[in-house]
Every structure is written in C-alpha cells, then in structure tokens.
Amino acid sequence: MSSFVIEASGLSKSFGQTHALAGVDLQVRTGEAIAIMGASGSGKTTLLHCLAGITRPDAGTVDFQSGAGRVEVTSLSERERSRLRREAYGFVFQQGLLIPELTAVENVALALMLNGMPRARAEEYGRGWLAALGLAGMEDRRIGQLSGGQAQRVAIARAQVTGASVVFADEPTGALDSATSAEVMQALLDSTTGQGRTLVVVTHDADVAGRCSRIVDMRDGRIVGERVPGVAA
Amino acid sequence: MIARVAWLLARPGTSGAAASLLPVTAFAIVTALLLVVLGGAQSFWTWSDDIGVTYQALAVIALVLLVVPLASLGGAAARLSARRRDDRLATLRLLGATPATVSALAVLESVVLAAAGAIAGVVLYFLLVPLVALIPFRGEPLGVDGVLLGLPALAAVFAGVVLLAAASAVLGLRQVVISPLGVRTKQDAPKLHWLRIVIGVAVIAIAFLMMSVLQVAGSMLVIFAMLGLAFGGTIAVLNLIGPWVIRLVAQSQARRAKTPARLLAARSVLESPKAAWRQVSGVAMTSFMAVFAGTGIALLGSFGEAGDVESMQLFDDIRTGILITVIGSFLMVASSVGVNQAAGILDRGELYRSLDMLGMPTPTMDSARRRAVMSPLRITAIGSAVTAAIVMLPLTGAAIIVAPLSLAVIAGVLAAGIGVVWLGLLATKPMLERAAAG
C-alpha cells in the first residue's frame, strides 16, 4: 500500500485566459502536515480545491488512498466527490464560515448528522471535540458570541469530528492576531498530525508554514520549490 | 463625481446581473400589483346608486387588507436594492468618501433601479388590464374603461415606489455611514415577551363573547360596531402574538429536529421570528378575513334565497371580492418571499459555497430554507383561519352545516395560496444552486 494519502500528477486548471495550475505534481504523505505557500494568484487555493475534489482539474489526476482502497478523485461524479468530502475530508476556512444561527455544538454535530448519525449521538461527539479544543462550557453559544479564535476552534472541531483522514485548511489563521494564530495552529496540529492524520494548509504566514513538516512554494501555477522548515534550502 | 462613481458601481459585480435584475423585477411586481388593485377599486367608484356605496366601502376594506402584504413586498424590494451594494459602499467610505457621498450614491442607485422596475411594472399593468376587466361585479364585467387608471394615478404610483426605494436606501445604509467596519455579528436572537400571548388570548375571548351576544344587540349600528371591534381587535392581536407563536413553534422544532435540514430551518426562524412573521403576515390578515367574512357570506347566501335579487348579487360579489383579495394577498406574499429568498442567497453566498465544499448536498440547503418559510406560513395561514373560526364559532358551526361548499372554496383558496408561495420558493432554487457551485 502506498504511503501517500494523496497523489496528484499533471494537474492543470484554467479560468478563462488565466492558467491557475500548469502541470502540478504533488504527493502528500500519510500523517504529515504540508504547507502550500505562494503569492496571491500563484494557484495555491486552486491546488487545494483540486486535491480536495472541490474543483475538477482540466487535466491530470488526483488519487486518494483510504482504508477502503484507492480512489481516483478526478474521475468521480459531482455527487460522489461531495460524499467523499463529507465522509473522508475535513475543512477549515479563513473566516471559519460556520453557520451563524446554530450553536457551537450544533455546527460541529451537523457534519456527523449529514452522514446519517442521530442528532443526540452527534452532539455528544461534538461536545467531546469542543472540550478537547478548550471550549468546554461554550457548546451552546452561538457563533457571534465567540471570539475569532474560539470560532476557529469550532471550525477545527467540525473538520475533525467525522474522523476525517485529511484536513484541508485555507488560511486558517488569516483573520487572527499572532498569539491567537499560534494557539489555533497548535490546536489544528494536535488534532490532525498529533492523531496520525494528514493536514494540508494553504497559507501566506511563514510562522504557520514553519510549524508544518514540509513546505511547497508555488508561483504562476507551478511548484517552484520544496523545503523542510528550519532547514536551509 | 457622484454620477461617475455610481456608473462605476453599476457594473456587474461578483453576484452577477442577478443583483441588479432582482430589485428591478421586485419593483416591477410591486408597481403592477398596486396599479391592478387601485384600478379594480377605481371601477367601483363609477357607481353612484345606494348599493354602489356599499361596494365602495367593501373595496376600501379590501384595499386596507392588501396594504399589509404590499408594504411588506415593497419593503423587501427596497431592502434588496439597498443591500446589494453595501460592501462596495462601505469600501468607498473606508477610502475616504464622505457620509453625504455614500448616502447620495445609495439613494441614486436605489432610485434608478426602482424607476426602471416601476416603468416595467406600468407595462405589466397595461398587459393585465384586459384580464382584470373581465372580472364580473354586479352581473357584468368591470370593463377596460373602469379599471384603466389615468395619468395622475400612474404618476403618483411611480413616484411613490421611487420614494419608498429612496427612503429605504437611506435607512438601510445608515449603518454603513456610521461604521464602515461594522459587521453583522448576530450575537443574540431577540426575545419576545410572554405577555403578548396573555393579551392576545384576552382579546380573542372578548371578541368571541361579543360575537356570541350579537343576536341580542338592539340595532344594526350596534351589530356593525361589535363586528368591527371583533374584526379589528383580533387582527391587531394577530400581529401581537404572531411572532411569539412562530418563535414558540420554532423552538420546539429546533429541540426535536433530527435532520440537518429541519435543524437549520428551525434555527433560521429563531434568528428572527419577527422577520419570519413580517414575511407572511399579509396571509394572516387575508386568511382571517377569508374565514371571518366568508362564513358570514356563506350563511347569508344560504338563508337569503328568499331575499331580493340585489342582495343575492351583493353576496355573490362579496364572495368574489374575498377570493380576489385572498389571491392578491398570496401573490404578494409569494413575490415577497421570492425577493427575500433571493436577497438571502446573495447575502449568504459564501456560506452556501463553504457548505457545498464540506459536502452538504444542495437539496439539504434548499430543504432548510424552504422549511424556514413554509412552516411559519402554515402556522400563520391555519392559525389565523382557526382564530377567525373560533371568534365566529356560532356562525362557523352553522355554516359548516348549511353552506359547506362555500367554506370548502375558502379552504381550497387558502391551500392554493400556500402552493403559490411554495412556487415562489422554487423559483429561487437555481440561484441557490449557482451560489453553492461558486
């Protein structure tokens, strides 16, 4: 069995005249935290979307290796990719993008309810994850009643509660101050690589990238370098 | 300078042409429906005989009942128009534009969109005139001459719609002017006091008592006064307890929700029960009126077979009037729901996109927002009808026995009205699918 959880080869994607990805190859190892860095417009978010099955590339393939076997994500239908994202992946976005009218625990439990778990059990799991992320006692607060860092922890709990083997995070600390950013990144790492899961992070922040096990640099839709944090290129 | 910036802002944004087309369409519907209602009412003023005055009084009641859903639709259209550029105007404010410039831009944009919509509405009205002219009253169709409004009325409606848009733009954008960095944090769901239900039940009980002792009233004047008080009092109470009941039901639904769609819908209603009520309150009035007046007419019609031809004609026409008012009200509520839903989808586009990324199926999102409208609508329509039936209990009971068909027609129209609102929701489904797909 391959030690790569995700393998992408020859990914290309254009939006009109803009070439967002121009032949990207990338392997993501099981249990690693990989940071994708680059200037705005370098194609890093498009790459994350292709790896996660949100966007279908114009060319190239993405393979996902799970306990159930190997799946070619790029050949799946829209519906199958949606199911894959729901069941096997977790997502953390810059603004959290939680549902404002739901409470913290309902936001987390929703991910499990979408997979058919009864609500009471889903909320029980949700409370457990919130407590593990330092949010015990805040389960019934609405999102507007939480700070930016707390809301982002709720988003991490939502990404993790399904037992996702890979978590994709797009600028997860982009809207936070540096101290909160460090705390949230630590929580994200603890709940992913700390549990043997895989983390793929898109970030501008060198400090965030510095805490990952590997950094890939992108420019003009291509990977132009790869390094290990703390080791001179 | 303002005109130049307004022209730059008028170019399609990320939400595409829909952001401009929606408010224009909404204003067109408001204008057309308002003109149709006024045109229909105007035709009643061509009669100058004794019974003509009765028709005019009934027309005024129908107009008053239609004002609520029409105002709700007008407000929704104006809010949608004002909201669509909030972010860009806030950016302008951050770039140093003065509050006066931002206000002027907001008003200018809304006025232009409202004017375009109002012109389209006038055209739509002219297309509808031949159909409205076919509606029979006093044994013959109203006729094109009767329902065709003159230039002053057309101009007044046009000006009214544009003014409504301008006023709503000023009110809606006040926050952008005061605090450009202000965000809607939605910190706490508003609470409604239980005292509302106590007052409501008391008024309904008084109305019930008044209707029970109606037959002992000494004169027709007293009977009409008692009917008016029971009708007006209960209508006022519906507004008082409506949001409270909607919140109570939504709370229970949120607790019991077993699926994501049900949970999302109930929480969405709880976010603002008053807004949920506002959206469908027009139906409360008409639904109440349909049962209140419909019961009376059904009874009078069945007992009045020995009566004169003119009275029978009046009963028939009142029944027609009730049906038209109910249908008009539901059409306005359906348009209002459509406009509000469209605005909601534009507002929450980023959230829908993120839910799609998480793997939430679009049908689940669609089901949640449909439930968030249909549940308050059902509570409102059925609740108001039941309230009217309780207030009119002695008469309702008799009507079920002697005139079941008339009541069945009213029930059928209410059910069809709920169906029309459902169609309004269905119309915005493609927008949701586009928003989720990003």
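View 1. At 23% relative accessibility, B:Arg138 is partly exposed, where buried means under 20% relative accessible area, exposed over 50%, and partly exposed in between (1.4 Å probe, protein chains only). The model is predicted: local features need pLDDT of at least 70, side-chain atom pairs count only at pLDDT 80 or more, and totals for chains, interfaces and linings use all residues. Residues are numbered from 1 along each chain as its sequence is written, chains are lettered from A and ligands numbered from 1 in the order in which they are written, and side-chain values use heavy atoms, with hydrogens and water left out. B:Arg138 and B:Asp49 form a salt bridge, with their closest N and O atoms 2.4 Å apart. The pair links distant parts of the chain, 89 residues apart: B:Asp49 is in the loop between helix H2 (18–44) and helix H3 (50–83), and B:Arg138 is in the loop between strand E1 (136–137) and strand E2 (140–141). B:Asp49 is partly exposed, at a relative accessible area of 32%. A salt bridge is a side-chain nitrogen of Lys or Arg within 4 Å of a carboxyl oxygen of Asp or Glu. Helices (H or I, at least four residues) and strands (E, at least two) are DSSP runs, numbered from the N terminus.

**View 2. Salt bridges that involve chains A and B.** Over all chains, the whole structure has 19 salt bridges. One of them joins the side chains of A:Arg85 and B:Asp356, at 3.8 Å from N to O. This pair crosses between chains, from helix H2 (residues 78–88) of chain A to helix H14 (residues 349–358) of chain B. Both A:Arg85 and B:Asp356 are buried. A network of salt bridges links A:Glu106, A:Arg119, A:Glu123 and B:Arg267.

View 3. B:Asp366 and B:Arg370 form a salt bridge, the closest N and O atoms being 3.3 Å apart. Both residues lie in helix H15, 4 residues apart, about one turn of the helix. An α-helix has 3.6 residues a turn, so residues three or four places apart point the same way. B:Asp366 is buried, with a relative accessible area of 3%, whereas B:Arg370 is partly exposed at 23%.

View 4. The patch is formed by B:Arg255, B:Arg256, B:Lys258, B:Arg262, B:Arg371 and B:Arg378. Patches are made of residues with over 30% relative accessible area and no salt bridge; like charges are joined within 9 Å, and nonpolar side chains (Val, Leu, Ile, Met, Phe, Trp, Tyr) within 5 Å. Lys and Arg count as positive and Asp and Glu as negative, while His and the chain ends are not counted. The place of a charge is NZ of Lys, CZ of Arg, CG of Asp or CD of Glu. Helix H10 (220–256) and helix H15 (362–391) each supply at least two residues of the patch. B:Arg371, in helix H15, is partly exposed, with a relative accessible area of 32%.

**View 5. Helix H11 of chain B.** Helix H11 (residues 260–271) has 12 residues and reaches 16 Å from its first C-alpha to its last, close to the 16 Å expected at 1.5 Å a residue. The expected span is 1.5 Å times one less than the number of residues. Of the 12 residues, 9 are buried, so H11 is largely enclosed by the rest of the structure. Among them are B:Leu263, B:Leu264 and B:Val269.

Terms used. Accessible areas come from the Shrake-Rupley method with a 1.4 Å probe; for residues, only the protein chains shown count as cover.
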